[in-house]
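Visitor: I would like to go through this structure one question at a time. Please start with any term that I will need.

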Amino acid sequence: MTSQVGRHDVLQWIQDIAKKRLTVANTVSEFKYAKCRVRQLKGPNHFPSLDENFEEKTHETILKSDNKMGVLYWMIRDQRVQDNWAFLFAQRLALKFKVPLHVCFCLVPKFQAETLRHYTFMVEGLKEVEKECRELCIPFHITSVANNSSPTNQSVKTGIKRKLPESVNNCCYADTVAQSVLSLIQNVNISCIVTDFFPLREPTAWIKQLAELLPENIPFCQVDAHNVVPVWHASDHLEYAARTIRPKLHQKANNLMTEFPPLTKHPYCHQSSLSVSI
């Protein structure tokens, strides 16, 4: 009886959160998105949320050039659908230009899932993400790195701090991960890419390598969906003490501590979906 009451309370709590999102805005297009959450990694600045002085016709023409029709959210750190600033920004762009929205996740051997139990937990979570994306008419793609394509850097002994080589091509599957995402971009005709912020060295190397491989005409941007105050917005220089950065965080957090708008059913569906059920 206690477990049933507890489950009912949890479901009611989830429904209350969903209703609260609708009080913020009906869609992310109606929400005043904070531009400081986004930074440009590569490509022309054709995002309306980043450029205040843009022309609608010019940007729509560029976005749809070369038959590239779609926005891709490369999910890395923030493995969830709702309450995800990176996912919301990707849908905001897709709604703005009336194009399909795609999501992809790359399975990398032994990255943040050293044990079978941990890996199973991650895959079960991705199943829920795929199910919710399917209900929202958003194709969810899984790319994977083969176990035999091991990184060229040697394993590090216990107690020794790892150091990445100067070239990101030679570490942590950077080239293989970037190539798998690039192949997906080409297959589904993606016009711009959005990814979340992951400060660890391995994901940083993946993102850097993909930025080098992308054509110059495809915008690539990053959204800090994990912190209240984005890392690049917190301070313009390296802070040496908590007492120097704390006032900056408190001041900037006032404008960023907002409720999340809902990620809604996407009206522009991709006709030939390559989504994968896991």
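Guide: Buried means under 20% relative accessible area, exposed means over 50%, and partly exposed is in between. Keep in mind that this is a predicted model.

Visitor: With that cut-off, is Asn189 buried, partly exposed or exposed?
Guide: Asn189 is found in the loop between H5 and S5. Its phi is positive, about 55 degrees, although Asn189 is not a glycine. The relative accessibility of Asn189 is 37%, so this residue counts as partly exposed.

Visitor: Which class does Lys98 fall into, buried, partly exposed or exposed?
Guide: Lys98 has its place in the loop between H3 and S3. Like any residue other than glycine with a positive phi, it deserves a note: phi of Lys98 is near 60 degrees. Most residues other than glycine have a negative phi. The relative accessible area of Lys98 is 54%, and because exposed means over 50%, the class of Lys98 is exposed.

Visitor: In what order do the elements of the chain run from the N terminus on?
Guide: The secondary structure comes to 8 helices and 6 strands. Written with α and β from the N terminus on, the order is α-β-α-β-α-β-α-β-α-β-α-β-α-α.

Visitor: What share of the contacts with a separation of 6 or more is between residues 24 or more positions apart?
Guide: The chain has 278 residues, and buried residues make up 42% of them. Among contacts with a separation of 6 or more, residues 24 or more positions apart account for 82%.

Visitor: Within what arc do the buried residues of H4 fall?
Guide: Met122, Leu126, Val129, Glu130 and Cys133 are the buried residues of H4. Seen down the axis of H4, they line one face of the helix, because they fall within an arc of 100 degrees.

Visitor: Which elements do the buried residues of H4 pack against?
Guide: On the other side of H4, Leu116, Arg117, Phe121, Glu128 and Glu135 are exposed. Just after H4 comes Cys137, with a positive phi of about 60 degrees. The buried residues of H4 pack against helix H3 (85-97), S3 and strand S4 (140-144).

Visitor: Which elements do the buried residues of helix H6 pack against?
Guide: H6 has 13 residues (201-213), so at 1.5 Å a residue it should span 18 Å, and its end C-alpha atoms agree at 19 Å apart. Its buried residues include Pro203, Trp206 and Leu210. Those buried in H6 pack against strand S1 (38-42), S2, helix H5 (174-187), strand S5 (192-196) and strand S6 (220-223).

Visitor: Which strand gives the most to the lining of the largest cavity?
Guide: There are 3 cavities of 30 Å³ or more, and the largest has a volume of about 120 Å³. Of the 12 residues that line the largest cavity, Ile76, Phe105, Cys106, Phe111 and Trp206 are the closest to its centre. By class, the lining has 10 nonpolar, 2 polar and no charged residues. The most comes from residues 101-107, with 3 residues in the lining, and that strand is S3.

Visitor: Which helix gives the most to the lining of the second largest pocket?
Guide: The second largest pocket has a volume of about 280 Å³. Its lining has 14 residues, and Ile14, Arg21, Gln82, Asp83 and Glu132 lie nearest the centre. The lining divides into 6 nonpolar, 3 polar and 5 charged residues. With 6 residues, the helix that gives the most is H1.

Visitor: How far apart in space are Arg77 and Ala225?
Guide: Arg77 lies in the loop between strand S2 (71-74) and H3, and at 24% relative accessibility Arg77 counts as partly exposed. Leaving out residues up to four places away in sequence, Arg77 touches Asp196, Phe197, Phe198, Pro199 and His226. Arg77 and Ala225 are 148 residues apart in sequence, yet their C-alpha atoms are apart in space by 8.8 Å.

Key. Residues are numbered from 1 along each chain as its sequence is written. This is a predicted model: local features need pLDDT of at least 70, side-chain atom pairs count only at pLDDT 80 or more; totals for chains, interfaces and linings use all residues. Side-chain values use heavy atoms; hydrogens and water are left out. On a 1 Å grid over the protein atoms alone, a cavity is a set of points where a 1.4 Å probe fits but cannot get out, and a pocket is an open set with protein on both sides within 12 Å along at least five of seven lines; lining residues have an atom within 4 Å of a point. Grid points are joined across faces, edges and corners, and a volume is the space filled by probe spheres set on the points. Helices (H or I, at least four residues) and strands (E, at least two) are DSSP runs, numbered from the N terminus. Ala, Val, Leu, Ile, Met, Phe, Trp, Tyr, Cys and Pro count as nonpolar, Asp, Glu, Lys and Arg as charged, and the others, Gly among them, as polar. Buried means under 20% relative accessible area, exposed over 50%, partly exposed in between (1.4 Å probe, protein chains only). The arc is that of the directions from the helix axis to the C-beta atoms. Contact means heavy atoms within 4.5 Å. The expected span of a helix is 1.5 Å times one less than its number of residues.
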